[in-house]
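Please read them with the structure open beside you.

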Amino acid sequence: MNRLFLDALECNNHSSRPPVWLMRQAGRYMPEYRALRAKHSFLEMTHQPELVVEITQQPLRAFGFDAAILFSDILLVAEALGANLQFEDGLGPLINPSISSARDISILSASEIPHKMRFAKTAIEELKKILRVPLIGFCGAPFTVASYMIEGRSSKDLKKTKRWMFEDADGFKQLLDLITQATVDYLNLQIEAGVDAIQIFDTWANFLGYPQFQRYALAYYQKLMQGMKKNVPVILFCKGSGGYAHALAALKPAGISLDWSCDMCAIRQQVGSKVALQGNLDPDVLLSSPATIQKEAGHLLQRMQGDPGYIFNLGHGITPDVPVDSVKTLVETIRRGNDS
Ligand code: 1CP
């Protein structure tokens, strides 16, 4: 198996280049994905193990990434809890009815999660037989999952979520605790099925001020990590978390994943050499010319040159409008290493 990614997670990659994989590497920017998507709903695609196995491999075949990420979505845990989840073209995720107050929590249940999510176990077991790169499992952190359940859809400001959080801290915590319980079961299912690493996505935790970030983000990463039955490397990702990198590193995850609003070298100075750093190319670079992609990626490579704990990635997911050739150019640039 190609171990570049796992070596880097152990801060022990001494080869000539960093490993590369991209958040949302499977998805709508790929024609192979769109062809399947024309025949199936997104939920069907995430629930049918054969489709999950196929879609997880699509970007590996097309670009030769150094790690696979399970094709799934963070909101499947909300669905398994009993929320009515749908995905509509152009609108993204919809949860209807939304969870508006502590009273609504009673419609949710964290029982039988491993049974409800057994499709993921089947898919992971199958993928582990086939893949020649490590497989990353993942989950959403409770705050981000709760925000979709409360807002009912993608939101630009998370006002309903934050109003509830400030007005009724006990009820809000009850919801986060329930999501945590389900998520721990889901993570253990993935770990038992054989994933090589776990990434925790708390995409919207950047909406929190520091006291709330401690209470509703950091404390819950700790609960998730403590709930894992086996010691699998964990990567923590939240957007805009450069300023909180020291606090993320203090939880001693294997890695932290950073967006493009911070300087990776400066973060390395702050957090020391024992935590892997992943990121942080601006995904919009992929909308520019091959020469610009090479220049911007080359610059980041040079900044992180020789760092045994560096994993090349974007600062957030690939967007659907990215040309496939841009991803090819990017991966070729990383594979050529620092002399590009
Ligand atoms: O219509 C379609 O075909 C669905 C598009 C799509 C895809 C391809 C969605 C809906 N989710 C996914 C896959 C997905 N989501 C993966 C797959 C693995 C990979 O290749 O990376 C992962 C890891 C996620 C995680 C995810 N889902 C996050 C966290 C990471 C991030 O990007 O911030 C979030 C916030 C979601 C919610 C979600 N699901 C789908 C969309 C379009 C969204 C985001 C909506 C929003 O911006 O609010």
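1. Around the ligand there are 24 residues, and R24, Y33, Y148, S154 and H316 are the ones that come nearest; a residue counts as near when one of its heavy atoms lies within 4 Å of the molecule. This is a predicted model, in which local features need pLDDT of at least 70 and side-chain atom pairs count only at pLDDT 80 or more, whereas totals for chains, interfaces and linings use all residues. Residues are numbered from 1 along each chain as its sequence is written, and side-chain values use heavy atoms, with hydrogens and water left out.

2. A nitrogen atom of the ligand lies 2.7 Å from a polar side-chain atom of D73, an oxygen atom of the ligand is 2.7 Å from an N or O atom in the side chain of R37, and an oxygen atom of the ligand is 3.2 Å from a polar backbone atom of Q25. On its own the ligand has 890 Å² of accessible area, of which the protein covers 90%; these areas come from the Shrake-Rupley method with a 1.4 Å probe, and for residues only the protein chains shown count as cover.

3. R24, one of the residues that come nearest to the ligand, sits in the loop between α1 and α2, and its phi is near 60°, a positive value in a residue other than glycine. C11 also has a positive phi, near 55°, and is placed in the loop between α1 (4-9) and α2 (31-37).

4. One joins N96 and P97, with omega about 5°, and P97 lies in the loop between β3 (92-95) and α6 (113-116). Another joins G279 and N280, with omega about -20°, and N280 is placed in strand β8 (residues 276-281). Helices (H or I, at least four residues) and strands (E, at least two) are DSSP runs, numbered from the N terminus.

5. The largest nonpolar core has 134 residues, of which M149 and Y221 touch the most other members. The largest share of this core, 12 residues, comes from α10. Such a core is a set of buried Ala, Val, Leu, Ile, Met, Phe, Trp, Tyr and Cys residues joined through side-chain atoms within 4.5 Å. Leaving aside neighbours within four places in sequence, M149 is in contact (heavy atoms within 4.5 Å) with residues including A78, L81, I95, L175 and I179.

6. The 25 residues of helix α10 (residues 169-193) should span 36 Å at 1.5 Å a residue, and the end C-alpha atoms are 35 Å apart, which agrees; the expected span is 1.5 Å times one less than the number of residues. G194, with a positive phi near 120°, follows α10.

7. S326 belongs to helix α15 (residues 324-336) and is buried, with a relative accessible area of 6%. A polar atom of the S326 side chain lies 3.0 Å from the backbone oxygen of L286, and S326 touches L286, S288 and I293 when residues up to four places away in sequence are not counted.

Methods. Buried means under 20% relative accessible area, exposed over 50%, partly exposed in between (1.4 Å probe, protein chains only). A polar contact is a pair of N or O atoms within 3.5 Å; within protein, one must be able to donate a hydrogen and the other to accept it, and residues adjacent in sequence count only if both atoms are side-chain atoms.
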